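Welcome to my notebook. I went through this structure one topic at a time and wrote down what I looked up.

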2 protein chains.
Amino acid sequence: MSGYSPPVSAPVHEAVMPLAFLLGRWAGEGEGSYPTIEPFLYGEEITLSHVGKPFLAYAQRTWRLDDGRPLHAETGYWRCPSPTHVEVVLSHPTGVVEVSEGSLRSTSVVLSSTAIARTATAKEITAIARRIDVEGDQLVYHLDMAAVGVELCGHLQATLHRVSAPL
Amino acid sequence: MSGYSPPVSAPVHEAVMPLAFLLGRWAGEGEGSYPTIEPFLYGEEITLSHVGKPFLAYAQRTWRLDDGRPLHAETGYWRCPSPTHVEVVLSHPTGVVEVSEGSLRSTSVVLSSTAIARTATAKEITAIARRIDVEGDQLVYHLDMAAVGVELCGHLQATLHRVSAPL
């Protein structure tokens, strides 16, 4: 049998070329708040990579700033069916899956959830909205969330810097 | 700031202890078929890991046996709200998210999708059913799928072996 041979030298697929500015490993810090919880700070790492196919693979994890213990995580994929339209599919370890779509203008992405589904025991999340702005090697995002009966409002914001070149 | 410090020495969280038999890196081969496509063979790697929290992180990728080029991939999380009940949330790079739930008996898991959502440009998948049987270091799975107007029927089956100890 042939083993897995990711085409590391493969060019970025033309379909996701408009998202190539996101490629790499990003690290930084953020702050979270929500009407139902105490505000908190967190460390974060985001990795966006590709294998030459028409999607980017996305993985994210956050941790406590005081002792590095893991907090949240997300994994999924980014697609770009047109140069100005972005589709994102994500899984959350809280038992939630998210489909978000939106617009790409230059290096800014604005996404709104079009579908959220969850397992029987997961907390209810009804909407997620994301805005991501990249300037060179700095990535800033804001995330709004509607959950547990609270209407859509600010939940997370973070500033990250690219710490590794595109994978 | 404190960097990410995964508690590598953390014990498996008691909530996912019934799934601990899945932990590790698995590799093997499978065969795929569907009424709308030619049958095909593939190589596959599955990784199930944990960070001491009440979920397992899951990542899967398949490749062509002839040249190793990547085919499909999935990422997501496994939860175990009771010793006999399993919840799985997954993202597919085809623009699909999946929530599957089912039963755990000894080292066999039977899952059926409870929700599937997709982006505007993704192909329609309406149901996925999975059966996973582990005996020691061998993992066998069968996956049935209903998609593009075809009723639920066999799509994938593969046999993998554990190539790395639990992460």
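How many salt bridges does the structure hold over all chains? I looked up the total and found 20. I keep in mind that this is a predicted model.

**Entry 1: salt bridges in chain B**

I began with B:Arg130, which sits in strand S8 (residues 125-135) of chain B. Its side chain meets the side chain of B:Glu74 in a salt bridge, at 3.3 Å from N to O. B:Glu74 belongs to strand S4 of chain B, so this pair ties together parts that are 56 residues apart in sequence. Are B:Glu74 and B:Arg130 buried or exposed? I found that B:Glu74 is buried and that B:Arg130 is buried too.

I then looked at B:Glu98, whose side chain also meets that of B:Arg130 in a salt bridge. Here the N to O distance is 2.8 Å. B:Glu98 lies in strand S6 of chain B and B:Arg130 in strand S8, so the pair ties together parts that are 32 residues apart in sequence. I noted B:Glu98 as buried, like B:Arg130.

**Entry 2: salt bridges in chain A**

Which residues do salt bridges with shared partners join into one network? I wrote down A:Arg64, A:Asp66, A:Asp67 and A:Arg69.

I also looked up A:Asp133 and A:Arg131, whose side chains meet in a salt bridge at 2.8 Å, N to O. A:Arg131 has a relative accessible area of 39%, so I list A:Arg131 as partly exposed.

**Entry 3: where the two chains meet**

Next I turned to the contact between the chains. I found 49 residues of chain B in contact with 50 residues of chain A. How many salt bridges are there between chain B and chain A? The count is zero. For polar contact, I noted 20 residue pairs between chain B and chain A, with both residues at pLDDT 80 or more.

Which strands of chain B each supply at least two residues of the side that touches chain A? My list reads S1 (24-34), S3 (56-64), S4 (70-82), S5 (85-92), S6 (96-105) and S7 (108-118). S4(B) gives the most to that side, with nine residues. By class, I recorded 23 nonpolar, 13 polar and 13 charged residues on the side of chain B that touches chain A.

I looked up the buried area as well: about 3700 Å² between chain B and chain A. Carbon and sulfur atoms give 62% of that area.

**Entry 4: aromatic pairs**

How many aromatic pairs are there over all chains? I found six. One that I looked up is A:Phe40 with A:Tyr42, a tilted pair with 5.9 Å from centre to centre and 40° between the planes. Its two residues have their own accessibility values. A:Phe40 has a relative accessible area of 28%, so A:Phe40 is partly exposed. A:Tyr42 is at 2% relative accessibility and therefore counts as buried.

I followed this with A:Tyr58 and A:Trp78, whose ring centres are 6.1 Å apart. Their planes stand at 50°, so this pair is tilted. A:Tyr58 lies in strand S3 (residues 56-64) of chain A and A:Trp78 in strand S4 (residues 70-82) of chain A, so the pair ties together parts that are 20 residues apart in sequence. A:Tyr58 and A:Trp78 are both buried.

**Entry 5: A:Gln60**

I found A:Gln60 in strand S3 of chain A. At 7% relative accessibility, A:Gln60 counts as buried because the cut-off for buried is under 20%. What does the side chain of A:Gln60 make a polar contact with? The partner is the side chain of A:Glu44, at 2.8 Å. Not counting residues up to four places away in sequence, A:Gln60 touches A:Glu44, A:Glu45, A:Ile46, A:His72, A:Ala73 and A:Glu74.

**Entry 6: B:Ser33**

My last stop was B:Ser33, in strand S1 of chain B. With 32% relative accessibility, B:Ser33 counts as partly exposed. Which residues is B:Ser33 in contact with, leaving aside its neighbours within four places in sequence? I listed B:Pro39, B:Phe40, B:Gly154 and B:His155. B:Ser33 and B:Gly154 are 121 residues apart in sequence, and I noted 7.2 Å between them in space, C-alpha to C-alpha.

Notes:
Residues numbered from 1 in each chain as written. Chains lettered and ligands numbered in written order. Predicted model: local features only at pLDDT ≥ 70, side-chain atom pairs only at ≥ 80, totals over all residues. Heavy atoms only, no water. Contact = heavy atoms within 4.5 Å. Buried area = accessible area lost by both parts, 1.4 Å probe. Salt bridge = Lys/Arg side-chain N within 4 Å of Asp/Glu carboxyl O. Polar contact = N/O pair within 3.5 Å; in protein donor to acceptor, adjacent residues only side chain to side chain. Helix = DSSP H or I, 4+ residues; strand = E, 2+ residues; numbered from the N terminus. Nonpolar A, V, L, I, M, F, W, Y, C, P; charged D, E, K, R; others polar. Phe/Tyr/Trp six-rings, centres within 6.5 Å; stacked < 30°, edge-to-face > 60°. Buried < 20%, exposed > 50% of the residue type's maximum accessible area, 1.4 Å probe, protein only.
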